[in-house]
Amino acid sequence: GATRKRLAPDQLLMAVDHCFALKGQGTVMTGTVLQGSISVNQKIEIPSCSVEKKVKSIQMFHKSVTNAFKGDRVGICVTQFDPKTIERSVICSPGMVVWMSSAIVQIHKIKFFKQPICHGQTFHISIGHQTVMGTITLFTFPPEEAEFASSLPNQVTEFDLDRQYYFQSKLLDDSQVSSASAPSSSSSSVEGEADPLSDIFVPGPRFALIQFEKPVVSPLGSLIIGSNLQTDIHLNQCRLAFHGKIIQPFQ
């Protein structure tokens with residue numbers, strides 16, 4: 001089901017890049033505080049393994065501290081946690097980060113990627129330290145809502161599940177205005193033919209529903225990068241296809 005959980009500015013989000021055992025102390029996780037703060041005795045969640053722990057101690061540049069804030073590089077120690085459980089992950093305030101099997105992102109094509117990005121394609125999707133395969137479904141606002149769509153900010157922060165949206169067969173950007181035009185009212189679609197409406201350019205944000213090959217854990221608003229890593233590495237081609245931010249996860 002859909003979830004609208006959003007990290008409040010004071011809620012903890014920390015990227016962990018290393019985890020190891022410290023004899024006589026417990027398990028140490030090192031990383032960078034991305035949002036909020038962390039304090040000794042604070043309860044934290046390790047969402048990748050659905051575990052909650054209390055912070056035993058914090059060190060910053062080999063000195064013990066009682067708390068740390070956004071931007072700080074720290075090591076935190078917890079007890080009774082197997083360091084082999086994670087290597088790269090995130091920790092957060094309990095309940096603030098969710099597992100998702102799919103997500104809606106506002107999608108932007110990377111201009112150096114010269115291949116078309118089409119509905120139903122599968123890409124390598126990178127979210128934080130995770131990379132999984134994901135299949136995309138592309139859509140945007142309908143042509144009759146072009147004026148509304150063009151008035152929206154460059155980055156949409158919330159997704160309206162009650163609106164109707166418009167399927168697109170390929171990702172169009174502002175430099176690729178389609179020459180396709182809407183058929184007249186007397187036109188009728190023929191089964192098996194491509195729908196010419198699906199490639200009409202509509203100004204404003206474009207979206208993709210990404211269905212992940214396996215569930216991932218990430219907060220709302222996370223940056224995602226889609227890559228075509230199957231391209232021959234010996235070719236002088238950009239393999240990064242698109243980027244975007246998660247605006248609606250689905251559990």
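## Salt bridges

The structure, a predicted model, holds three salt bridges, a salt bridge being a side-chain nitrogen of Lys or Arg within 4 Å of a carboxyl oxygen of Asp or Glu. Side chains of opposite charge can pair when their charged atoms come close. One of the salt bridges joins the side chains of Arg73 and Asp17, with an N to O distance of 2.5 Å. This pair links distant parts of the chain: Arg73 lies in strand 9 (residues 73-78) and Asp17 in strand 1 (residues 13-22), 56 residues apart. Arg73 counts as partly exposed, at 38% relative accessibility, and Asp17 is also partly exposed, with a relative accessible area of 24%. Here buried means under 20% relative accessible area, exposed means over 50%, and partly exposed lies in between (1.4 Å probe, protein chains only).

Glu145 forms a salt bridge with Arg163, and the closest N and O atoms are 2.5 Å apart. This pair also links distant parts of the chain, 18 residues apart: Glu145 is in the loop between strand 13 and helix 1 (146-150), and Arg163 is in the loop between helix 1 and strand 14 (166-168). Glu145 is partly exposed at 22% relative accessibility, and Arg163 is partly exposed with a relative accessible area of 28%. Arg163 forms a salt bridge with Asp160 as well, the closest N and O atoms being 3.9 Å apart. Asp160 has a relative accessible area of 34% and is partly exposed.

## Strands and pairing

The chain has one helix and 17 strands. Both types of element are DSSP runs numbered from the N terminus, helices being H or I runs of at least four residues and strands being E runs of at least two. Two strands pair if DSSP finds at least two bridges between them.

Strand 15 (residues 206-218) runs antiparallel to strand 11 (residues 98-109), and eight bridges join them. Within strand 15, Val217 is the bridge partner of Trp99. Strand 15 is also joined to strand 13 (residues 130-140), by seven bridges and again antiparallel. For Ile136, the bridge partner in strand 15 is Ile210.

## Packing and surface

Of the 251 residues in the chain, 41% are buried. Among contacts in the chain with a separation of 6 or more, 72% are between residues 24 or more positions apart; a contact means heavy atoms within 4.5 Å.

The accessible surface of the chain comes to about 13900 Å², and carbon and sulfur atoms account for 51% of that. Accessible areas come from the Shrake-Rupley method with a 1.4 Å probe, and for residues only the protein chains shown count as cover.

## Confidence and conventions

The chain has a mean pLDDT of 83, and 85% of its residues reach 70 or more; pLDDT is the predictor's confidence in each residue, from 0 to 100. Confidence is lowest in helix 1, at a mean of 80, and highest in strand 9, at 96. Over residues 3-7 the pLDDT is below 50, and this stretch has 19 contacts in the model beyond near neighbours in sequence. Residues 177-194 also have pLDDT below 50, with 11 contacts beyond near neighbours in sequence.

Residues are numbered from 1 along each chain as its sequence is written, and side-chain values use heavy atoms, with hydrogens and water left out. In this predicted model, local features need pLDDT of at least 70 and side-chain atom pairs count only at pLDDT 80 or more, while totals for chains, interfaces and linings use all residues.
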